[in-house]
Amino acid sequence: MKEFKYTITDPVGIHARPAGLLVKEVKAHASKVTITAADGKSADAKKLLALMGLGIKQGDTVTVSIDGEDEDAAAASIEKFMKENL
């Protein structure tokens, strides 16, 4: 299991457009990806509405957990995606 923390820099937080792109990025991998907000709520990163339901805003730090056969590649690409888009 891989895990990393990321602080959201997007002024609007995780909203529809980047959340949709994040779901697409996550679905490209076989591993299960879970995003946990600072308040302890978590969501499957393959589910758009669950992800947006976390209400993650700019400045919030999220924990991304990746578990599965391609977790190393998934962690690297998801972290890169978040740095470029969130």
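**Entry 1. Terms and model**

I take contact to mean heavy atoms within 4.5 Å. I take helices (H or I, at least four residues) and strands (E, at least two) as DSSP runs numbered from the N terminus. I am working on a predicted model, in which local features need pLDDT of at least 70, side-chain atom pairs count only at pLDDT 80 or more, and totals for chains, interfaces and linings use all residues. Residues are numbered from 1 along each chain as its sequence is written, and side-chain values use heavy atoms, with hydrogens and water left out.

**Entry 2. The sheet**

I looked up the strand order and found an open sheet of four strands, S1-S4-S2-S3, with antiparallel pairing. Two strands pair if DSSP finds at least two bridges between them. Strand S1 (2–7) and strand S3 (42–44) are the edges, each pairing on one side only. From one strand to the next, the twist averages 20°; axes are lines fitted to C-alpha atoms, for helices over the stretch in contact, and angles run from 0 to 180 degrees between N-to-C directions.

I then went through the pairs. S1 and strand S4 (residues 61–67) are antiparallel and share six bridges. Thr7 stands opposite Thr61 of S4, and Lys5 has Thr63 of S4 as its bridge partner. S2 is joined to S4 by five bridges, again antiparallel. Here I noted Val33 with its partner Ile66 in S4, and Ile35 opposite Val64 in S4. Three bridges join S2 to S3, also antiparallel, with Thr34 opposite Asp44 of S3.

**Entry 3. Burial in the strands**

I call a residue buried under 20% relative accessible area, exposed over 50%, and partly exposed in between (1.4 Å probe, protein chains only). Five of the seven residues of S4 are buried, so S4 is largely enclosed by the rest of the structure. In a regular strand the side chains alternate between the two faces of the sheet. S2 has Val33 and Ile35 on its covered face, and Lys32, Thr34 and Thr36 on its uncovered one.

**Entry 4. Helix H1**

I checked its span: 12 residues reach 16 Å from first C-alpha to last, close to the 16 Å expected at 1.5 Å a residue. The expected span is 1.5 Å times one less than the number of residues.

Its buried residues are Pro18, Ala19, Leu22, Val23 and Val26. They cover an arc of only 145° around the axis, which puts them on the same side of H1; the arc is that of the directions from the helix axis to the C-beta atoms. Arg17, Lys24 and Lys27 are exposed on the other side. S2, helix H2 (48–52) and H3 are among what covers the buried residues of H1.

**Entry 5. Helix H3**

H3 has 15 residues and reaches 20 Å from first C-alpha to last, close to the 21 Å expected at 1.5 Å a residue. I list Glu71, Ala74, Ala75, Ile78, Phe81 and Met82 as buried in H3. Seen down the axis of H3, the buried residues fall within an arc of 135°, so they line one face of the helix. An α-helix has 3.6 residues a turn, so residues three or four places apart point the same way. On the face turned away from the buried side I find the exposed residues Asp72, Lys80, Lys83 and Glu84. Cover for the buried residues of H3 includes S1, H1, S2 and S4.

**Entry 6. Ser31**

Ser31 counts as buried, at 0% relative accessibility. Its side chain makes a polar contact of 2.4 Å with that of Asp70. A polar contact is a pair of N or O atoms within 3.5 Å; within protein, one must be able to donate a hydrogen and the other to accept it, and residues adjacent in sequence count only if both atoms are side-chain atoms. A polar atom of the Ser31 side chain also lies 3.3 Å from the backbone nitrogen of Glu71. Not counting residues up to four places away in sequence, Ser31 touches Lys46, Ile66, Asp67, Gly68, Glu69, Asp70, Glu71 and Ala74.

**Entry 7. The S2–S3 hairpin**

Five residues lie between the strands of this hairpin, and Gly40 takes a positive phi near 95°. Asp39 is in the loop between S2 and S3 and is exposed, with a relative accessible area of 53%. I found a polar atom of the Asp39 side chain 3.0 Å from the backbone nitrogen of Lys41. The C-alpha atoms of Asp39 and Ile14 are 15 Å apart, with 25 residues separating the two along the chain.
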